[in-house]
Amino acid sequence: GYLSAVTHLEFQATSTMSSWYQQYTQGVSDQEKEQINGWFRSIDADGSGALSAEELGRALQMGGTQCSLETLNRLIGAFDNDGSRTVGADEFVAVHKFLEAMRNSFFHFDADRSGSLDLNELHQALTRSGYQISMPSFYAFCPKFDKRKEGRVSFAQYLDMCIWLGNMRKLWQFYDPQNRGTIQLTFDQLLATTPYFE
């Protein structure tokens, strides 16, 4: 059925495409990893060894970041390497370092400490976060996150954007495993990618 088909595509992508976020775990010392694992255990309220969207949301809220359930599910989807729709201890290390990098990029360019970025600052922050995006493409997807067309985004909106870009990168790598920089899709394959654009 519909759900199983979408889940199958998602699992193919996750099982094949863990490499996109490896940049965030490179250089993590054993000491830092143990510290992050300690945080993981304190967040894992039910002791299941995996974090649900709700558990992850509570942890982020304690750190001052309020995310919608939709954003949390996207975050988990970007780092879920086994199709479980949860985040395990090793995956959480990558999630933590990703969030740390996104926060650093955002506040580096929030020069006036307003808690938001204008479009110029936003593009610079995305570039610093590792996304090389042309201005036409940037302006094409910005309204997806700046829904009120204010020309500014909050940290929560920025985070949502970076998670979405991470999922798009994961999808791209699924279709470009040799890193050639171009892909060819059939119409049917294009339709199968539509959940990633939501």
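**View 1. The lining of the second largest pocket in this predicted model divides into 11 nonpolar, 4 polar and 4 charged residues.** Here Ala, Val, Leu, Ile, Met, Phe, Trp, Tyr, Cys and Pro count as nonpolar, Asp, Glu, Lys and Arg as charged, and the others, Gly among them, as polar. The second largest pocket has a volume of about 480 Å³, and of the 19 residues that line it, I43, A59, L60, G63 and H96 are the closest to its centre. At least two lining residues come from each of α2, α3, α5 and α8 (155–175), with α3 giving the most, 6 residues. A pocket is an open set of points on a 1 Å grid over the protein atoms alone, where a 1.4 Å probe fits, with protein on both sides within 12 Å along at least five of seven lines, and lining residues have an atom within 4 Å of a point; the volume is the space filled by probe spheres set on the points, which are joined across faces, edges and corners.

The model is predicted, so that local features need pLDDT of at least 70 and side-chain atom pairs count only at pLDDT 80 or more, whereas totals for chains, interfaces and linings use all residues. Residues are numbered from 1 along each chain as its sequence is written, and side-chain values use heavy atoms, with hydrogens and water left out.

**View 2. Helix α2 (residues 30–43) crosses helix α5 (residues 89–109) at roughly 105 degrees, their axes coming within 9 Å.** This makes α2 roughly perpendicular to α5, a term covering angles of 65 to 115 degrees; axes are lines fitted to C-alpha atoms, for helices over the stretch in contact, and angles run from 0 to 180 degrees between N-to-C directions. Helices are DSSP runs (H or I, at least four residues), as are strands (E, at least two), numbered from the N terminus. On the α2 side E32, K33, I36, N37, W39, F40 and I43 meet A89, D90, F92, V93, H96 and K97 of α5, where contact means heavy atoms within 4.5 Å.

**View 3. T65 is found in the loop between α3 (53–62) and α4 (69–79).** T65 counts as buried because its relative accessibility is 4%, buried meaning under 20% relative accessible area (1.4 Å probe, protein chains only). Leaving aside neighbours within four places in sequence, T65 is in contact with L60, R103, F155 and L159. The C-alpha atoms of T65 and F155 are separated by 8.0 Å, although these residues lie 90 residues apart along the chain.

**View 4. The buried residues of α4 are T71, L72, R74, L75, I76, A78 and F79.** These buried residues of α4 pack against β1 (50–51), α3, β2 (87–88), α5 and α8.

Methods
Parallel < 35°, antiparallel > 145°, perpendicular 65-115°, else oblique. Buried < 20%, exposed > 50% of the residue type's maximum accessible area, 1.4 Å probe, protein only.
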